[in-house]
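Here are some notes to go with your first look at this one. Have the model open beside you and follow the points in order.

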Amino acid sequence: MAVINLYSLGHFLQWFFIGRFLLKNWHVFLVLSAGWEVFELLLPYDIARESALNKSGDMLLNCLGFAAGNALRTK
């Protein structure tokens with residue numbers, strides 16, 4: 001398994017658009033983002049099975065996407 005995969009790109013884009021258009025609060029973002037990663041561990045599907053290294057890569061890209069979206073937000 002790789003640290004970053006195609007789904008990681010989806011995480012980045014998802015959080016970019018959420019940060020750009022919907023949400024500014026980092027605390028809410030962290031709860032939602034980490035909560036989703038934990039929820040994925042509970043899903044009974046093989047597609048949701050990832051290594052801890054991949055989960056950390058997803059969290060990194062979530063943060064980068066959200067930060068980039070917030071940076072481009074119009075005040």
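1. Start with Asn62, which sits in helix H3 (helices are DSSP runs of H or I with at least four residues, numbered from the N terminus). Asn62 counts as buried because its relative accessibility is 1%; buried means under 20% relative accessible area, exposed over 50%, and partly exposed in between, using a 1.4 Å probe and protein chains only. Setting aside neighbours within four places in sequence, Asn62 is in contact with His11, Trp15, Phe29, Ser33 and Glu37, where contact means heavy atoms within 4.5 Å.

2. A word on what you are looking at: this is a predicted model, where local features need pLDDT of at least 70 and side-chain atom pairs count only at pLDDT 80 or more, while totals for chains, interfaces and linings use all residues. Residues are numbered from 1 along each chain as its sequence is written, and side-chain values use heavy atoms, with hydrogens and water left out.

3. Now compare Ala52, also a residue of helix H3. Is Ala52 buried or exposed? Ala52 is exposed, since its relative accessible area is 65%. From Ala52 to Ser8 it is 44 residues in sequence and 13 Å in space, C-alpha to C-alpha.

4. How do H1 and H3 (residues 52–71) pack? Their axes are 7 Å apart and the angle is about 30°; axes here are lines fitted to C-alpha atoms, for helices over the stretch in contact, with angles running from 0 to 180 degrees between N-to-C directions. H1 and H3 are therefore roughly parallel to each other (under 35 degrees counts as roughly parallel, over 145 as roughly antiparallel, 65 to 115 as roughly perpendicular and the rest as oblique).

5. Sorted by class, the contact of H1 with H3 has seven nonpolar, eight polar and two charged residues. For that sorting, Ala, Val, Leu, Ile, Met, Phe, Trp, Tyr, Cys and Pro are nonpolar, Asp, Glu, Lys and Arg are charged, and the others, Gly among them, are polar.

6. H3 also meets helix H2 (residues 26–42), with axes that come within 11 Å and cross at roughly 150°. That makes H2 roughly antiparallel to H3. From H2 the contact takes in Trp26, Phe29, Leu30, Ser33, Ala34, Glu37, Glu40 and Leu41, and from H3 the partners include Lys55, Met59, Asn62 and Cys63. By class, the contact of H2 with H3 comes to nine nonpolar, three polar and four charged residues.

7. Ile4 and Leu60 are 56 residues apart in sequence, yet 9.7 Å apart in space, C-alpha to C-alpha. Beyond neighbours within four places in sequence, Ile4 is in contact with Asn54 and Leu61.

8. Last, the rings. The structure has nine aromatic pairs, where rings of Phe, Tyr and Trp (its six-membered ring) pair if their centres lie within 6.5 Å, and planes under 30 degrees apart count as stacked, over 60 as edge-to-face and the rest as tilted. Phe16 and Phe17 are edge-to-face, because their centres are 5.4 Å apart and their planes at 85°. Phe17 and Phe21, by contrast, are stacked, at 6.2 Å centre to centre with 10° between the planes. Being four residues apart in H1 (residues 6–22), Phe17 and Phe21 are separated by about one helical turn. Phe16 is buried at 17% relative accessibility, Phe17 partly exposed at 45% and Phe21 exposed at 54%. Ring pairs link Phe12, Phe16, Phe17 and Phe21 into a cluster.

Note on methods. Helices (H or I, at least four residues) and strands (E, at least two) are DSSP runs, numbered from the N terminus.
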